[in-house]
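Subject: Structure for your review

Dear colleague,

Please find below the sequence and structure that I am handing over to you. My notes on what was found follow directly after.

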Amino acid sequence: MSRRMTLAPGAPGARILGIGSSQPETIVTNHDLARRVDTNDEWIRDRVGIAERRIADADTTLVDLAVEAGDRALKDSGLVPADIDTVIVATCTMPNPIPNAAAQTADRIGISAPGAFDINAACAGFSYALGTAADLVRAGSARNALVIGAEKLSDWLDWDDRSTCIIFADGAGAAVVGAAGPDEQIGIGPVAWGSAGDQSQTIRIRPENNALFQEGQAVFRWATTKIAPVALRAIELAGLTPADIDVLIPHQANLRIVDAIARRLRSKGAREDMRVADDIVHSGNTSSASIPLALDHMRAQGRVCTGDTLLLVGFGAGLSYASQVVVCP
């Protein structure tokens, strides 16, 4: 009889070693959009909470954004390209499915021969990718992984559709994931994830114009009722309570959705002084990039500090969702 395989004693936990982000330089305000479609600044702020967003020019690619964010995360971690053996890019806006973004990004950063693949879980993509990378490190399949959420949503918008062009934007955010040593705090908790495929058509690409479309009210109702329980499950899996969370960083879909999730968590015991990401105000909805973008921006602003306990919550097209607790590097 063959021997059963077991995990090595003291198998490592996983933690985030560094973070970084990238956004295009061009800022598009609500007033700019009002010159093209029937809208105004007050309506957009009231509806989704956005004041401005970043849009890439025609010559800037999704991979360009991923490379810049990944390179910054790598430098922040103190590692060099040779230390990375796995690259995962979460994205739903590549212009073509082949070649994937991850291999191109790794090559341009100078990472030699890594395992490289893309994940498409739309706005939940970064949490999916981070959970995958952490499990690869814990299992011994990866030593250090570079995880990037990168989107160029402007390529997939109908700029005459005021229901979508006011919401979405471009950007990338990244994290380096490595092992937690025996004397170090485990930095990435188990992922709580799932999907609602019966509602897959509520966010989709319209074949007639190859543009993103969403049924806004249906998505809003789903997100404001179904996502907080997923976040609470992630807290439970991490062995914590809502009162242990210092910072909530949900996908930046809509400021009203963000506020609704925060209220639900506070009703379940989260602290009133729990900090809540509101990066959507100045970055718009960047899908899989929104969580790491918000984290990097909050750290730069001093709103997130090393050692803080963070709750990440991603949700979007699929419909897919995922959440995990992490410790800020």
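Asp 246 has a relative accessibility of 16%, and it counts as buried because the cut-off for that class is under 20%. Please bear in mind that this is a predicted model.

**Salt bridges**

Asp 246 is paired with Arg 271: their side chains form a salt bridge with an N to O distance of 2.9 Å. This pair links distant parts of the chain, the two residues being 25 residues apart. Asp 246 sits in the loop between helix H7 (216-237) and strand S11 (247-250), while Arg 271 belongs to the loop between helix H8 (255-267) and strand S12 (275-276).

Asp 273 is exposed, with a relative accessible area of 52%.

**Helix H3**

Helix H3 covers residues 62-77, 16 residues in number. From its first C-alpha to its last it reaches 23 Å, close to the 22 Å expected at 1.5 Å a residue.

Which residues of H3 are buried? They are Leu 62, Val 63, Leu 65, Ala 66, Val 67, Ala 69, Gly 70, Ala 73, Leu 74 and Ser 77. An α-helix has 3.6 residues a turn, so residues three or four places apart point the same way. The elements that cover the buried residues of H3 include strand S1 (13-22), helix H4 (101-109), strand S6 (144-152) and strand S7 (170-180). Just after the helix, Gly 78 adopts a positive phi of about 85°.

The largest pocket has a volume of about 650 Å³. Its lining consists of 37 residues, and those nearest its centre are Ile 167, Phe 168, Ile 203, Leu 212 and Gln 214. Two or more lining residues come from each of helix H2 (41-48), helix H6 (162-165), strand S9 (203-206), strand S10 (211-214), H7, H8 and strand S13 (309-316). H7 gives the largest share, with five residues. By class, the lining of the largest pocket holds 21 nonpolar, eleven polar and five charged residues.

The second largest pocket has a volume of about 180 Å³. The residues that line it are Thr 91, Cys 92, Thr 93, Met 94, Pro 95, Asn 96, Pro 97, Asp 118, Asn 120 and Trp 156. Five of these lining residues are nonpolar, four are polar and one is charged.

**Backbone features in loops**

Two cis peptide bonds should be noted when you inspect the backbone. One joins Ile 98 and Pro 99, with omega at about 0°; Pro 99 lies in the loop between strand S4 (86-90) and H4. Another joins Gly 318 and Leu 319, with omega at about -15°; Leu 319 is placed in the loop between S13 and strand S14 (320-327).

Ala 122 has a phi of about 50° although it is not a glycine, and its place is the loop between strand S5 (115-119) and helix H5 (125-139). Ala 122 counts as buried, at 5% relative accessibility. Asn 210, also a residue other than glycine, has a positive phi near 55° and is found in the loop between S9 and S10. Asn 210 is partly exposed, with a relative accessible area of 44%.

With kind regards

Note on methods
Residues are numbered from 1 along each chain as its sequence is written. This is a predicted model: local features need pLDDT of at least 70, side-chain atom pairs count only at pLDDT 80 or more; totals for chains, interfaces and linings use all residues. Side-chain values use heavy atoms; hydrogens and water are left out. Helices (H or I, at least four residues) and strands (E, at least two) are DSSP runs, numbered from the N terminus. The expected span of a helix is 1.5 Å times one less than its number of residues. Buried means under 20% relative accessible area, exposed over 50%, partly exposed in between (1.4 Å probe, protein chains only). Contact means heavy atoms within 4.5 Å. A salt bridge is a side-chain nitrogen of Lys or Arg within 4 Å of a carboxyl oxygen of Asp or Glu. On a 1 Å grid over the protein atoms alone, a cavity is a set of points where a 1.4 Å probe fits but cannot get out, and a pocket is an open set with protein on both sides within 12 Å along at least five of seven lines; lining residues have an atom within 4 Å of a point. Grid points are joined across faces, edges and corners, and a volume is the space filled by probe spheres set on the points. Ala, Val, Leu, Ile, Met, Phe, Trp, Tyr, Cys and Pro count as nonpolar, Asp, Glu, Lys and Arg as charged, and the others, Gly among them, as polar.
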